[in-house]
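Subject: Structure for your review

Hello,

Here is the structure to look at before we next talk. My notes on it follow below.

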Amino acid sequence: MDSVPGDHGRGGDANPVSTRSKPARGVPAGRAPYPFAAIVAQEEMLRALLIAAVDGSIGGVLVLGDRGTGKSTAVRALAALLPPMKAVEGCRYGCDPGDAAALCDACRTKPRLRGIEVPVPVVDLPLGATEDRVAGALDIERALADGVKAFEPGLLARAHRGFLYIDEVNLLEDHLVDLLLDVAASGENLVEREGISIRHPARFVLVGSGNPEEGELRPQLLDRFGLCVEVRTPMDLPTRIEVIRRRDSYERDHAAFCAAWDKEQAKLRRRILAARAMIASIEVPDAALERAAQLCIALGTDGLRGELTLIRAARAHAALEGRQVVGDAELRAVASPALRHRLRRNPLDETSSSTRVERAVSELFGP
Amino acid sequence: MSAAGDGRAPPRAAPDPATVQDQRAAALLLAVDPVGLGGAVLRAAPGPERDGWLALLRGALPQGCAWRRMPASVPDSRLLGGLDLAATLAAGRPVAERGVLAEADGGVLLLAMAERAEPGMAARMAAVMDAREVALERDGLARRLPARFGLVALDEGIEDEGVAAALRDRLAFHIMPLPPAPAGTLPDIAAARARLDSVTVPHDVTQALCGAAVALGIASLRAPMLAQRVAIAAAALAGRDTVLAEDAALAARLVLAPRATRMPDADTPPAEEPPPPEQGDTQDAPKGESTDAPLEDRVLDAARAVLPEGLLAGLGAGLRDAARRASPDGRAGARHATPLRGRPAGTRQGELRAGARLALVETLRAAAPWQPIRRRGRAGGPRLLVKREDIRLRRFDAPQETTAIFVVDASGSAAMHRLSEAKGAVELLLADCYVRRDKVALIGFRGRGAEVLLPPTASLVRAKRSLAGLPGGGGTPLAAGLDAARGMVEACRRAGRTPLLVLLTDGRANVARDGTGGRAQAETDALDAAKPLRIAAVPALLVDTAPRPQQFARDLAAAMGARYLPLPMADAARLSDAVRDAAA
């Protein structure tokens, strides 16, 4: 029953987010995460994460795969890779000063918005988190000390404009899944607890990872993810050896290891920035739209979200590759992650969704 | 992946001195690098063997190391931590209480009855082990607490029970402890710890460990990674600065061998589960991924034609109701009407009556804002004023998990008649289970005995795979199949799940319990084996797959208290009637 060292109250600080979230906004206090650029193989997963970093509106990434394939390593590595963003100074939700429509209530009333550079949040939602910490709740400390009802923002608020990562997403408690589904769809978190009634913007890129052998995902949750990638353990020897070697040198001296990869990381970061800058000007010809529609019809995906995601992902991919026009090659590159989780499920059909997508792609685009 | 280190024979008579030596080495290595090696799975019943190994480990750990023991089911508030109410109330500000994982920081954590740890809990622990800290997001607290520990999972599982794969994958050693060797002098652990960081690994050692892992059919990359850490620790313990071949060999014996899924010289691709060794009359066994697909389609279509979808759903629902009705009185693991255990599912406002569990923190939260107001006008009195409307109660989701056990007759007579259609029927029922998120298990019987083809799993893909790999042919050891089913029913009940039995057979029992032929004895044995199932009140369904309904199958269904469902050849009208009757 000992209190944790260094955990004395917030000393009446008027800005609760800045103190509470210190370890989570940005890099965890302990070890620097494994550099994104140093991840070996797993091209599809890395590509999907980069696409989500370029265009957040694609709607998140789900990573499914075996144990020990570097799923969570890759997602956590994203935090250190992302270029910083501009946020309203003192805003507990990190509002974008350039986007007047998406401001929180507090920022709306401010006469002047001063923007400062902050790291893009990559927030971990650990299993075992309670609902009050996810959605936000009454600030128990201020209630105890001053008898004041004050709202303490939760993880959803912290993830606004960034990434929300759930490892073992298929083991997440149902009531938390419900909460996430609602917020991810509306982009807004509504808290009605203990007599407080608050709404605040919560737009984030949902990233989940899990092992399908440990349980299936609810279809509604599956649908919230824009891209779905499957990772497998690389079985060729040189790749495996390289993974082990890099991991070992990271474990021994992470600071030195990260420093050695700084240049590559900076290069990747510039690529993301360049892709963001050019994405608006990328041309999607009618022929590509038609191709995407044909593919979705051939696969029988539900609704239009498949096509929309396919086109958006292809555009982001083209931007990352520095190409001006979306063509067959771009569509092909993202067809599997954009569509494989949208196929009408036949639980008995073991032909994996990936195979079905690939088959349809090669029928349409040629081998 | 079968249970940890099962390849070895159970410890009996004279233990192999080399293995004893290796196990001793494992304990010492874990003491050198508990965090890097993750820990160990000790698969054994409590006894001197296990205690001996643990004593060795504890003795080798430096003085003052944390040595914590925890049960396999702890609420999140104790596992991860939460709000310390007493201290919070005393201090007037939130005080965090550390959970067991954070308390084990710097030492070793023992997980008792590790085979009972749920996947959710295993995942929480795995996440903490990966991050080496607890990310606490509970009770209005957000904290990061260091948690660097080695985990020793005490696995007392029988047969298919075992430690959750997420944990097993992260623990370097999988050991079935042997009687310990007489205690020798301990090497200098502290010196080895100091040396760890300076040990270098030659490239060819990494290559050899990776190559060995591939050859043994180990998919996870954590295995060679852990093996390398073990080799490093071994070198450090021997006082060397470079990993030698002998260190790598020790690492391979300790880390890779227990994880092997195939013999190194085999050419087959690594299967997750070694395929059933049976060859026999395998007209239905898959010949390869691509070639058997059309066959499967045919089988499925055939079954689909006989079993209309809606009827099947009705039957499934009927079975579930039967499962609920049949819940016998006074049995351990029976369902509570208002569950007081299971997964916490939030809180609600309510009156504190007997049988309700108070949610202290939520109650406190509800009371907190009103304190200054309630205290107004009162001098002294209690520090905290809680009123009735503040009371919050815990809600729980009791696990209502059902395990559907399919017992499939794969004998020659059944195969000749319609094993493929029976398989199709099972697949349709599996789909039904999938929709309801039941677990499924598969037992096949043919020739001389029964075999558990698939322990309870929620993965439909695995169920389908092992069903497709079920070969046909041989006699009909009905009694053996029923005995195996009873074993699994008991295991399910022990695990707190509701078993549900589906037996598919043509009822032509011709192999007795002792493996000899003869119809009369076989039928007597089968009826004998069926009785305990009725006594256990397992909801069951017997699907008679013979071309013509069999009187014996009907008797058998009565003996085991099962619903009887003949599956007459291509007689859809009669089948519909039968299903309608059964579902009514």
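For the helix packing, a helix axis is a line fitted to C-alpha atoms over the stretch in contact, and the angle between two axes is taken between their N-to-C directions, from 0 to 180 degrees. Please keep in mind that this is a predicted model.

Between the chains, helix α10 (residues 237-252) of chain A packs against helix α11 (residues 222-237) of chain B. The angle is about 50 degrees, and the axes are 10 Å apart. Angles from 65 to 115 degrees would count as roughly perpendicular and those under 35 as roughly parallel, so α10(A) is oblique to α11(B). The crossing of α10(A) past α11(B) is right-handed. On the chain A side, the contact is made by Arg240(A), Ile244(A), Arg247(A) and Asp248(A). Pro224(B), Met225(B) and Gln228(B) supply the α11(B) side.

Within chain B there are 22 helices and 17 strands. The chain has 584 residues, of which 48% count as buried. Among its contacts with a separation of 6 or more, 77% come from residues 24 or more positions apart.

One piece of chain B I looked at in detail is a strand pair. Strand β16 (residues 540-544) and strand β17 (residues 563-566) run parallel and are joined by 4 bridges. One of the residues involved is Leu541(B), whose bridge partner in β17(B) is Arg563(B). How does the chain get from β16(B) to β17(B)? The path goes through helix α21 (residues 551-560) of chain B, as a right-handed β-α-β crossover.

Regards

Definitions and conventions:
Residues numbered from 1 in each chain as written. Chains lettered and ligands numbered in written order. Predicted model: local features only at pLDDT ≥ 70, side-chain atom pairs only at ≥ 80, totals over all residues. Pairing = 2+ DSSP bridges. Helix = DSSP H or I, 4+ residues; strand = E, 2+ residues; numbered from the N terminus. Right-handed = clockwise from strand over helix to strand, strands pointing away. Buried ≥ 20, exposed ≤ 12 C-beta atoms within 10 Å, placed from the backbone. Contact = placed C-beta atoms within 7 Å. Parallel < 35°, antiparallel > 145°, perpendicular 65-115°, else oblique. Left-handed = near helix turned anticlockwise from the far one by under 90°.
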